[in-house]
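Look at the sequence and the model first, then read on.

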Amino acid sequence: MQRAQTRTTVVWLVLLVATAISFFTSHDHNIAADFAYVSICTLSYLKCRLVIMEFMEVRHTPIAYRVFFEIWMLAVIGEIIFFRFFTL
Amino acid sequence: MVSESSSDTLGAPARAKGFLPGDDGLWFFICAEITLFGLLFGAFLSARAEAPDVFRDAQSLMVPLFAFLNTTYLLTSSWLVALSVQIAREGRLPAARRCIDGARVLGLLFVATKAFEYWHEIDLGANPGTNPFFMFYFVTTGIHLGHVIGGLGLLTFVKTRLKDSIEQKDRLMWVESGATFWHMVDLLWLIILALFYLLP
């Protein structure tokens, strides 16, 4: 069980680092807006996936739940990308 | 639903495929909740695509420090709650209660910071009627804040279930359910953070 707790702690640290990088990317005006947008989307997707799969333990749930959460994440990130790059 | 194996203290249940932590009904509720939030996010994005300048100007009034602090509070509280589940499975109840206490303190800090942030924004003249950005902002974060407060109540109840006098099966059902709800609150915040504070 110690291994599980270590894994959870590593996930928490990765989430904090990814959050710090997201803030840096968002507020550094030397970074092109489109690149920052896609980077923040990617980091948000990775963070959500870690929370869902590791903290909520969805990776151990029946396949219907895993599929639902995967689709939900892709749909949310997809709409964020779509409304930025594929609308007038 | 708590399977027989969920009382296993070696972590095997969490590795067995098909294990659903906590209450089955709660999972249905969570799937419905995040779907509704997904639609709300879509409505926000659609409105922003129609008036990008209005949204960009309004977003520039947001204070990143508040968002950074609140994200740190929620991620850390989620970590403590995840640890409390693992520790409760081992039967180390005092340690599990301490993790829940830590998570509750961080949750309260989130509420206090959010209240201060609202006060600051209203002081600048922003309110739900100012423009579409602030309408979506106050509605979305307000509903989320309600979930944080509800989650704090649930965690308080979970702490009362972490007692020797309660069967391990029932105890785990409560701590896993409370944890799952709290992680959902964390999950939704990560998207809110991106939409209202980070995306340029």
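## Terms and basis

Helices (H or I, at least four residues) and strands (E, at least two) are DSSP runs, numbered from the N terminus. The model is predicted, so local features need pLDDT of at least 70 and side-chain atom pairs count only at pLDDT 80 or more, while totals for chains, interfaces and linings use all residues. Residues are numbered from 1 along each chain as its sequence is written, chains are lettered from A and ligands numbered from 1 in the order in which they are written, and side-chain values use heavy atoms, with hydrogens and water left out.

## The largest pocket

A pocket is found on a 1 Å grid over the protein atoms alone, as an open set of points with protein on both sides within 12 Å along at least five of seven lines; a cavity is a set of points where a 1.4 Å probe fits but cannot get out, and lining residues have an atom within 4 Å of a point. Grid points are joined across faces, edges and corners, and a volume is the space filled by probe spheres set on the points.

The largest pocket holds about 660 Å³ of space. Its lining has 29 residues, and Arg84(A), Arg56(B), Gln59(B), Leu199(B) and Pro200(B) lie nearest its centre. At least two lining residues each come from helix 1, helix 2 and helix 3 of chain A, and from helix 2 (24-50), helix 3 (52-59) and helix 7 (168-198) of chain B. Helix 3 of chain B has the largest share, four residues.

## Chain B

Chain B has seven helices and zero strands. Its C-alpha trace spans about 55 × 30 × 20 Å along its principal axes.

## Where the chains meet

Counting contact as heavy atoms within 4.5 Å, 45 residues of chain A are in contact with 55 residues of chain B. The two chains bury about 4,300 Å² between them, 72% of it on carbon and sulfur atoms. Buried area is the accessible area (1.4 Å probe) that two parts lose on being put together, summed over both.

How many salt bridges cross the interface of chain A and chain B? The rule, a side-chain nitrogen of Lys or Arg within 4 Å of a carboxyl oxygen of Asp or Glu, finds one. Arg89(B) and Glu57(A) meet in a salt bridge, at 3.0 Å from N to O. On the side of chain A that touches chain B, helix 1 (2-27), helix 2 (33-55) and helix 3 (63-85) of chain A each give two or more residues. Helix 1 of chain A gives the most, with 14 residues. By class, that side has 27 nonpolar, twelve polar and six charged residues. Here Ala, Val, Leu, Ile, Met, Phe, Trp, Tyr, Cys and Pro count as nonpolar, Asp, Glu, Lys and Arg as charged, and the others, Gly among them, as polar.

## The cavity

The structure holds one cavity of 30 Å³ or more. Residues lining the largest cavity include Glu57(A), Val85(B) and His183(B). Helix 7 of chain B gives the largest share of this lining, four residues.

## Salt bridges overall

Side chains of opposite charge can pair when their charged atoms come close. Over all chains, a search of the whole structure finds eleven salt bridges. Arg7(A) forms one with Glu54(A), the closest N and O atoms being 2.8 Å apart. Arg7(A) lies in helix 1 of chain A and Glu54(A) in helix 2 of chain A, so the pair ties together parts that are 47 residues apart in sequence.
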